[in-house]
Amino acid sequence: MTGSTLFTDAMALTPAGDGVYHGELNEHWTIGPKVHGGAMLALCANAARTELGTSAQPLAVSGNYLWAPDPGPMQVVTTVRKRGRRIGLVDVELRQGEKVAVTVSVTLGEPEHHVPPLLSFNPVVPLMTPEPPPGLEPIGPGHPMEHVVHLAHGCDIRPALHTMGPRTDGGPPVFEYWVRPKGVAPDVLFALLCGDVSAPVTFAVERSGWAPTVQLTAYLRALPADGWLRVMCTSVQIGQDWFDEDHIVVDCEGRIIVQTRQLAMVPASA
């Protein structure tokens, strides 16, 4: 692979006028041969934020995945639906060639940052330390995920592999990851990407093939501090054909930054 591995470079967009932006689906931000769904969601959020042209951030990002594009040139087309005092709404299409790959609705506003919530149940802080435990290896040479998770070229990803198999106590899957970008601080867009960073929860029922995301909705709750992001991935139900998957992304200060829920297809049995 060639080209920059920086996350900020992968998010770069060039305005082409009339709400259209040109960019590149970066070959390093892929899972197997296909572009990572969280990276595409972040690109669409970036285009929406840029087109609205205010300090507002993407508070809610809801995407539908129509097909899986390959790395290479693409364009993002935005349509501003609302410019309000507190809320903006932008519809976005990510296209490659003549085909629309992702459609996204982005609600923008000011996230609550360093404001104590009235109520919060944060399951991550009691379970996961602010930094990876000693000995937890990053995805890289020799790691079992090395040849699939190419995101590791641009970010330090440390999955707790012991959390990713079937549970002996009959409980739900709870996968644990520590993630941070290489060369830059984590920002809003990277935190959104981390809302789709985990291996499919179907690993918990020994289904480990391709699990395409059909729909994903992300909520941005705060701006991330500079440091590791902790990611917990869980599921309520893994069906025969469909499964849900939830991510909670928490920064090094213990604040919930991003919450996501997606609907995806269960991999075929071996």
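Buried area is the accessible area that two parts lose on being put together, summed over both. In this predicted model, the two parts are domain 1 (1-110) and domain 2 (116-269), as given by the domain assignment of the protein chain. Their centres, taken over C-alpha atoms, lie 21 Å apart. The area buried between domain 1 and domain 2 is about 2400 Å². Carbon and sulfur atoms give 66% of that area. On the side of domain 1, F7, W29 and Y65 lose the most area to domain 2. Together these residues account for 22% of what that side buries.

Contacts across the interface were also counted. In domain 1, 31 residues touch 28 residues of domain 2. Between the domains, 13 residue pairs are in polar contact. Helix 1 (7-10), strand 3 (30-31), helix 2 and strand 5 (57-65) each supply at least two residues of the side of domain 1 that touches domain 2. Strand 5 provides the largest share of that side, with nine residues.

The largest nonpolar core has 67 residues. W29, L94, I157, Y177, V179 and F190 have the most contacts inside this core. Helix 2 (residues 37-52) gives the most to the core, with 10 residues. Domain 1 and domain 2 each contribute at least three residues to the core. Another core, of 10 residues, lies apart from the largest one. Its members include M128, W228, V250 and I256.

Terms used
Residues numbered from 1 in each chain as written. Predicted model: local features only at pLDDT ≥ 70, side-chain atom pairs only at ≥ 80, totals over all residues. Heavy atoms only, no water. Core = buried A, V, L, I, M, F, W, Y, C linked by side-chain atoms within 4.5 Å. Buried < 20%, exposed > 50% of the residue type's maximum accessible area, 1.4 Å probe, protein only. Helix = DSSP H or I, 4+ residues; strand = E, 2+ residues; numbered from the N terminus. Domains from an automatic or database assignment. Contact = heavy atoms within 4.5 Å. Buried area = accessible area lost by both parts, 1.4 Å probe. Polar contact = N/O pair within 3.5 Å; in protein donor to acceptor, adjacent residues only side chain to side chain.
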